[in-house]
Amino acid sequence: MELSTHPLLSLLLLSLLPILSTSSYLIGMGSYDITGPAADINMMGYANTEQTASGVHFRLKARAFIAAESDGGSRVAFVNLDACMASQIVTIKVLERLKARYGDLYTEKNVGISGIHTHAGPGGYLQYVVYIVTSLGFVRQSFDVLVDGIEKAIVQAHENLRSGKIYVNKGDLSNAGINRSPSAYLNNPSAERAKYKSNIDTQMTLLKFVDDERGPAGSFNWFATHGTSMSRTNALISGDNKGAAARFMEDWAEDNEGSLERRIGGLRRVSSIIPQPNDKFDELIQLASSIESTGGRRLSSVSDRIRKNTQEKPSFVSAFCQSNCGDVSPNTLGAFCTDTGLSCDFNHSTCNGKNELCYGRGPGYPDEFESTRIIADLQFQKAKELFTSASEELKGKIGSRHVYLNFSQLDVNLSSGKTAKTCPAAMGFAFAAGTTDGPGAFDFTQGDDSGNPFWRLVRNVLKTPDKKQVECQSPKPILLDTGEMNTPYAWAPAILPLQVLRIGQVIILCVPGEFTTMAGRRLRDAVKTVLINEGNGEFNANNVHVVIAGLSNTYSQYVTTFEEYEIQRYEGASTLYGPHTLSAYIQEFKKLTSALVKGQAVSSTVQPPDLLSNQIGLLPAVIFDSTPLGNKFGDLISDVPANSKFSRGQTVNATFHSACPRNDLLTNGTFTLVEMLVDGKDEWVGVYDDDDWCLRFVWGRPTKLSSRSSARIEWRIPENAPSGVYRLRHFGASKKLFGGVSHFTGASRAFAVV
């Protein structure tokens, strides 16, 4: 390229060279449905045996990005799951599939898999006993849909790799969480607490991905707040506040294509499908009243979801990832006693000595769906702000380091100069007390550092901890000695994955648990110090961004500070490997980070077990489905009233004869559909589906062992829904006693929205 001989023009062109040059990275985004079985499966998170899936609030996704150096060399892949947490056995099987497909391009070293910590997704997909007791053991459907979805999301991202840029931005969001264990936080040194304005982390860090030719491709952000806006009694599969925020952000990007216009309530616009809605209300009502329900009918196949990408370029992918959320609750109004309405006891979160009555209240109390929407919208609004204003471009190397370590017997060099050890995993008495987001049962309380004689006897039936273990875990009184329980197979993990991913000046610490606020701060500060001191000038206090990706690659519960551990609230009682767990993490992450910046290799001397062949599942299979005599699957039980008209903001519902959703998960499909009649044509067009906030699929049986079931579709009409004629449609699959699965559908009577 030749420069003009004119001096000023030459200077101008030289200043533009960085802009005109090719990007230093390749970027690719992908996403795939991981909703899983929407019936009968115990939900993962609250460990409430009565909380079983009975429908869909909105579908769950695996969202992935890949960032690679421009020569196609070093790369990292990160997957964010609308799931409670990552699972070691899921990670193992995903990596096996990636190796078979790509060789050594994607391995445990450079692939990170993280969960958003929703407590409203199907359980049964982890391999250790303690995490699958309430789901009646291992659930193959839950496991398979995760492995398939993660692999497909990564494959999509790989196939979408194109030249692009990545920007980083960060900002404060102060009203989307509160500290649910403030008494434990207050036990941290006062000088340390004085460095921070809040007892929670309020910073959101966002990555913006921009394709050089196609423009914005996606965003991933990290922010700490629990996925517990939906309560322990909710039965609808949901991504909770982070899954909803991702849905809102993706819809915003899809609907606005560069515009900053705010969508109303995070609801999908259909103006691109129905460009000229009919505003002749009398005609609409008359037309709707002439269209009756279809009755159930068999299908040879089930149509894909209506939210299809009709453009040539890949869909925008946005993920709201979890961080150090260990002691952060989205129930921002605080915790109150259900019997008196008064605040719960500060130190123990009890009401007259009982923890069962102490519940946190979300900002939409008493409506948990509204609380979820509010916390989701707060995160979405902040992410949108950071996305549109992001200007700091990532530059520099891409790299990763990973190691497996046995955390049950790790030597730890303490800052005092002394040496300590981690312990085999164990859970304290306060673990059974639960939290203000989901209290436990019986007479357990948070802050219990002594235990109870009766429950010690019960514990000893399973496993009596020896003196060494008791001393190692002190002051935690051991309720379950899970690290030393191996019947029928291991109850808790011992070997954990630690991982550092680097993209330019952004460092992602993939941790296999839930760090509390202060624990996360200490880890980030320690890693940042290593980067600055050993990074050969690449990093300084102003340009390095260290984020924690919580619940990554496997799950090992909580990590508190030493001081918080002493208080033995829920988080301390759930810090498995003893009081020096955090010190062990800091020590080992400093080693990994040092190796990363120095270009040194890291190897593992241990490997996690593959326990897939050991798994036991006791969930009964679906035997068959049936309907009352004279009815077909898809027939209406309760139809929309005749001659109906509805206004925006009202709810329409219809109930159908249905079958168990476990017969076919309808992955990338939909159980529910709102259809709109195209004006002047005898054609119904799908406009809202399972993926939409405004539409709910509520499934149930009349009795627990009944072969009959029903599906209620509830549509809360969005404020931006066009006037027109609509109907509700249900898709499903029924199982015969002797034979296979048959798909069916049925549609309600038409109604008008005016």
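Ser114 lies in strand 6; helices (H or I, at least four residues) and strands (E, at least two) are DSSP runs, numbered from the N terminus. At 0% relative accessibility, Ser114 counts as buried, where buried means under 20% relative accessible area, exposed over 50% and partly exposed in between (1.4 Å probe, protein chains only). Residues up to four places away in sequence aside, Ser114 touches Phe78, Val79, Asn80, Leu81, Ala549, Gly550, Leu551 and Ser552; contact means heavy atoms within 4.5 Å.

The model is predicted, so local features need pLDDT of at least 70 and side-chain atom pairs count only at pLDDT 80 or more, while totals for chains, interfaces and linings use all residues. Residues are numbered from 1 along each chain as its sequence is written, and side-chain values use heavy atoms, with hydrogens and water left out.

Strand 6 (111–115) is one of the elements against which the buried residues of helix 2 pack, together with helix 3 (140–159), strand 18 (398–406) and strand 23 (495–503). Helix 2 covers residues 88–102, 15 residues in all, and spans 21 Å from its first C-alpha to its last, close to the expected 21 Å. The expected span of a helix is 1.5 Å times one less than its number of residues. Buried in helix 2 are Gln88, Ile89, Val90, Thr91, Ile92, Lys93, Val94, Leu95, Leu98 and Tyr102. Gly103 follows helix 2 and has a positive phi, near 70°.

Helix 11 (residues 517–534) has 18 residues and reaches 26 Å between its first and last C-alpha, close to the 26 Å expected. Its buried residues include Thr517, Met518, Arg521 and Arg524. After helix 11 comes Asn536, with a positive phi near 55°.

**Strands**

In strand 18, nine of its nine residues are buried. One side carries Ile398, Ser400, His402, Tyr404 and Asn406, and the other Gly399, Arg401, Val403 and Leu405. Strand 18 runs antiparallel to strand 23, and nine bridges join them; Ile398 has Ile503 of strand 23 as its bridge partner.

Val602, in the loop between helix 14 (581–598) and strand 28, touches Arg401, His402 and Val403, as well as Leu592 and Ala595, not counting residues up to four places away in sequence. The C-alpha atoms of Val602 and Arg401 are 6.8 Å apart, although 201 residues separate them along the chain. Val602 is partly exposed, with a relative accessible area of 23%.

An open sheet of seven strands has the order 7-2-3-33-34-30-28 and antiparallel pairing; two strands pair if DSSP finds at least two bridges between them.

**Core and aromatic residues**

The largest nonpolar core has 112 residues, of which Tyr125 and Phe589 touch the most other members. Such a core is a set of buried Ala, Val, Leu, Ile, Met, Phe, Trp, Tyr and Cys residues joined through side-chain atoms within 4.5 Å. The contacts of Tyr125, leaving aside neighbours within four places in sequence, include Ile89, Val90, Phe138 and Phe143.

There are 32 aromatic pairs in the structure. Rings of Phe, Tyr and Trp (its six-membered ring) pair if their centres lie within 6.5 Å; planes under 30 degrees apart count as stacked, over 60 as edge-to-face and the rest as tilted. Phe138 and Phe143 form a tilted pair because their planes meet at 50°, with ring centres 5.3 Å apart. Both residues are buried. Phe58, Phe248, Trp252, Phe316, Phe380, Phe387 and Trp693 make up one aromatic cluster.

**Backbone exceptions**

Most residues other than glycine have a negative phi, and most peptide bonds are trans. Tyr365 and Pro366 are joined by a cis peptide bond, with omega about 10°. Another cis bond joins Thr487 and Pro488, with omega about 0°. Leu136 has a positive phi near 60° and is partly exposed at 40% relative accessible area, whereas Asn553, with a positive phi of about 70°, is buried at 3%.
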